[in-house]
Amino acid sequence: MEGLSAFVLAIILVGLGLWTLIERRNVIWKLLGLNVASGGAILFLVAVAYRPQARPALLGLGPGPTADPLPQALVLTAIVIHFATLALALAYVIFLTEHRHTQDIHKLEREEE
Amino acid sequence: MKWVARTAILALLSLVAVGTRHLFPRPDVAPWQEPTAQYGAENAVAAIVLGARLWDTLLEVLVYALAIAGVKMALGGLGRARPLPPVPETPLLRRSADILLGPIVILSLYIAASGHLGPGGGFPAGAILGSGLLLLALAKGVERLSQELHEATWERSEYGAIAALLALGGAFLCLGFPGSSFLVSANLLITMEVAIGAWVVLHYFARARGEV
């Protein structure tokens with residue numbers, strides 16, 4: 001069961017992030033929770049790629065077990081997309097704050113009604 | 001209704017926690033040496049990102065460009081004509097930016113150009129170059145840096161980089177892979193695209209606020 005602690009930490013991070021996502025009323029806090037949950041998912045993928053006593057997946061480093069390169073490639077995609085979508089979401093939060101002067105979703109819902 | 005969401009999250013997390021025991025004992029990694037060498041790379045991650053999963057990377061670059069364009073649309077229409085406060089130029093930031101900027105640019109170019117031979121690649125190199133631009137913006141002020149950099153030309157060259165990357169990737173998906181020359185050029189194009197995108201996000205956010 002080597003490397004179990006990374007899985008535990010990843011699941012705790014995802015739980016904390018999703019909990020913040022549904023409990024907080026401020027939009028920016030919700031985005032921060034989503035950010036933490038995404039970090040947990042990334043940590044989970046990196047922990048899947050781990051092998052005991054492994055070296056990085058590079059040619060010419062000698063024999064022995066290597067880490068799994070496929071989840072690492074997935075993580076690369078996830079990080080970049082995460083950065084771009086978070087920037088887009090924050091830009092819309094700025095837009096919302098300029099036009100509605102609040103970031104509280106309860107107030108926003110009441111204004112919509 | 002919130003208890004439904006809470007119960008769903010707890011159930012989902014316990015499902016994942018129970019499912020992780022199937023990951024032990026760790027399965028052996030399938031041999032990746034031959035396919036990696038066939039794509040002309042030594043780094044297996046680069047061979048996957050720019051070889052076996054090239055479609056994924058091309059569409060990822062498109063998603064990135066779309067998100068950056070969305071940031072421009074959302075913040076460009078705000079139309080704040082508020083006069084910017086003068087930037088306090090501290091000599092410490094200015095000197096450290098002067099000293100650090102050259103090494104940062106060279107490091108990012110090195111990481112992009114040697115990304116298929118070792119740890120690195122286009123995306124980390126673009127992030128490094130973008131953070132170098134952030135350092136320069138902290139020292140000089142965003143608006144002044146944007147004027148000095150001719151930002152309109154940069155944005156056009158970002159779209160040019162994306163078009164070149166899509167054309168290169170599409171051509172090599174149809175014709176087969178020529179080897180490491182494609183990996184180097186694709187990594188350099190991705191670096192350019194990611195760095196300019198990060199700079200555009202920084203500039204529009206700073207302008208919506210006033211200054212860095």
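**Close-up 1. Surroundings of B:V184 in a predicted model.** Leaving aside residues up to four places away in sequence, B:V184 touches B:A113 and B:H116, a contact being counted when the C-beta atoms of two residues, placed from the backbone, lie within 7 Å. This is a predicted model, in which local features need pLDDT of at least 70 and side-chain atom pairs count only at pLDDT 80 or more, while totals for chains, interfaces and linings use all residues. Residues are numbered from 1 along each chain as its sequence is written, and chains are lettered from A and ligands numbered from 1 in the order in which they are written. B:V184 belongs to helix α9 (residues 180–209) of chain B, where helices (H or I, at least four residues) and strands (E, at least two) are DSSP runs numbered from the N terminus. Because 19 other C-beta atoms lie within 10 Å, B:V184 is classed as partly exposed; the class falls between buried (20 or more other C-beta atoms within 10 Å of a residue's own) and exposed (12 or fewer), with C-beta atoms placed from the backbone. Between B:V184 and B:Y39 the C-alpha to C-alpha separation is 12 Å, although 145 residues part them in sequence.

**Close-up 2. Packing of α6(B) against α9(B).** Helix α6 (residues 122–140) of chain B packs with α9(B) at an angle of about 35°, their axes being 7 Å apart; axes are lines fitted to C-alpha atoms, for helices over the stretch in contact, and angles run from 0 to 180 degrees between N-to-C directions. The residues of α6(B) that meet α9(B) include B:G122, B:G126 and B:L133, and those on the α9(B) side include B:I190, B:V194 and B:W199. By class, the residues of this contact comprise 14 nonpolar, five polar and one charged, with Ala, Val, Leu, Ile, Met, Phe, Trp, Tyr, Cys and Pro taken as nonpolar, Asp, Glu, Lys and Arg as charged, and the others, Gly among them, as polar.

**Close-up 3. Positive phi in two loops of chain A.** A:Q53, in the loop between α2 (27–49) and α3 of chain A, has a positive phi of about 55° although it is not a glycine. A:Q53 counts as exposed because it has 7 C-beta neighbours inside 10 Å. A:H101, likewise not a glycine, has a positive phi of about 60° and lies in the loop between α3 and α4 (105–112) of chain A; with 8 C-beta neighbours inside 10 Å, A:H101 counts as exposed.
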